[in-house]
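Here's a quick briefing to read with the model open beside you.

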Amino acid sequence: MNQFGNPTSDPSMPPPRAGRRLHPWPLRIMHWVNAVVMLVMITSGWGIYDDDVIIRGFHFSSFWRLGDWAAWSLNWHFAGMWFLVINGLIYLTYGFVTGRFRKKLLPIRPAEVVQTVIDTLHFKIAHEDITVYNAVQKLLYIIILAGISQVVTGLAIWKPVQFSGLVSLLGGFQTARVLHFAGMAVIVGFLIVHVALALLVPKTLWAMVAGGPRVTANSQPQAHHARQGDTA
């Protein structure tokens, strides 16, 4: 007991263990691999699209395409596909096994989503505690489902004979192409919002590079209760 009546630490007790980084190194590696591969997949996909457009009169400029012509774009697309699928499977396994998805992305409350959108529209996006995802950040991770749908529709387009049952389930080859294109548009929209938010709150970007602050199992609930106390 010190002079202020507060208990002092017992020198015989080991020091408390520092918590893990907000973004452990495996997650950071998977994130940046995915970022590069997604750029390869999107820009090469635009090159493939230009060879047989879905929306008449709509083409992508050569500046945005990966590959001088369709065959080269296909080669890039297939190469990126394997990295995307393998990296994605590792990411999903890591998220479920470690419980990260459950801890970080749940629950999602509609009222919180609406309030976060309103705050963002009023430029109230300080996001002081980056260890806690806001409702919109959680909702944006529905992009995982879009990624899975891209793999499914991509398989149907890639091997329409071998996966004829899947093609029929999707409504035919051309419908599968349209769904694949729509999924790409959703992912591009996500990336635009994701990058914009990262630039508006740079510390979230740096956290994905360096790992961010160290957190413990109890740090997030404590922070949540502290904010509730501040608003009471």
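Val 53 is partly exposed, at 25% relative accessibility; partly exposed is the band between buried (under 20% relative accessible area) and exposed (over 50%), using a 1.4 Å probe and protein chains only. Keep in mind that this is a predicted model, where local features need pLDDT of at least 70, side-chain atom pairs count only at pLDDT 80 or more, and totals for chains, interfaces and linings use all residues. Numbering starts from 1 along each chain as its sequence is written, and side-chain values use heavy atoms, with hydrogens and water left out.

**Val 53 and its surroundings**

- You'll find Val 53 in the loop between α1 and α2; helices here are DSSP runs of H or I with at least four residues, strands are E runs of at least two, and both are numbered from the N terminus.
- Skipping residues up to four places away in sequence, Val 53 touches Phe 58, His 59 and Arg 177, where contact means heavy atoms within 4.5 Å.

**Salt bridges**

- Side chains of opposite charge can pair when their charged atoms come close.
- The structure has two salt bridges, each defined as a side-chain nitrogen of Lys or Arg within 4 Å of a carboxyl oxygen of Asp or Glu.
- One of them joins the side chains of Arg 177 and Asp 52, at 3.3 Å from N to O.
- Arg 177 sits in helix α8 (residues 173–200) and Asp 52 in the loop between α1 and α2, so this pair ties together parts that are 125 residues apart in sequence.
- Arg 177 is buried, at 11% relative accessible area, whereas Asp 52 is partly exposed at 45%.
- Asp 50 and Arg 65 also meet through their side chains in a salt bridge, at 2.9 Å from N to O.
- That pair links distant parts of the chain, 15 residues apart: Asp 50 belongs to helix α1 (residues 25–51), and Arg 65 to the loop between α1 and α2 (70–97).
- Asp 50 is buried, with a relative accessible area of 16%, while Arg 65 is partly exposed at 24%.

- α8 and helix α9 (residues 202–210) pack with their axes 4 Å apart, at an angle of about 105°; axes are lines fitted to C-alpha atoms, for helices over the stretch in contact, and angles run from 0 to 180 degrees between N-to-C directions.
- That angle makes α8 roughly perpendicular to α9, a label for 65 to 115 degrees; under 35 counts as roughly parallel, over 145 as roughly antiparallel and the rest as oblique.
- On the α8 side of this contact are Leu 197, Ala 198, Leu 199 and Leu 200, and they meet Pro 202, Thr 204 and Leu 205 in α9.
- By class, the contact of α8 with α9 has six nonpolar residues, one polar and no charged ones; Ala, Val, Leu, Ile, Met, Phe, Trp, Tyr, Cys and Pro count as nonpolar, Asp, Glu, Lys and Arg as charged, and the others, Gly among them, as polar.
- The axes of α1 and α9 come within 8 Å and cross at roughly 110°, which makes α1 roughly perpendicular to α9.
- From α1, Arg 28, His 31 and Trp 32 meet Leu 205, Ala 207, Met 208, Val 209 and Ala 210 in α9.
- The contact of α1 with α9 has six nonpolar, one polar and one charged residues.

- Is Ser 44 buried or exposed? Ser 44 counts as buried, at 0% relative accessibility.
- Ser 44 lies in helix α1 and, leaving aside neighbours within four places in sequence, is in contact with Leu 66, Ser 73, Trp 76 and His 77.
- Tyr 91 is in helix α2 and is partly exposed, at 22% relative accessibility.
- With neighbours within four places in sequence set aside, Tyr 91 contacts Leu 27, Met 30, Phe 101, Tyr 141 and Ile 144.
- The C-alpha atoms of Tyr 91 and Asn 34 are separated by 9.6 Å, though the two are 57 residues apart along the chain.

**The whole chain**

- The protein chain has 10 helices and two strands, running β-α-α-α-α-α-α-α-α-α-β-α from the N terminus on.
- Of the 232 residues in the protein chain, 30% are buried.
- Among contacts between residues at least 6 apart in sequence, 71% join residues at least 24 apart.
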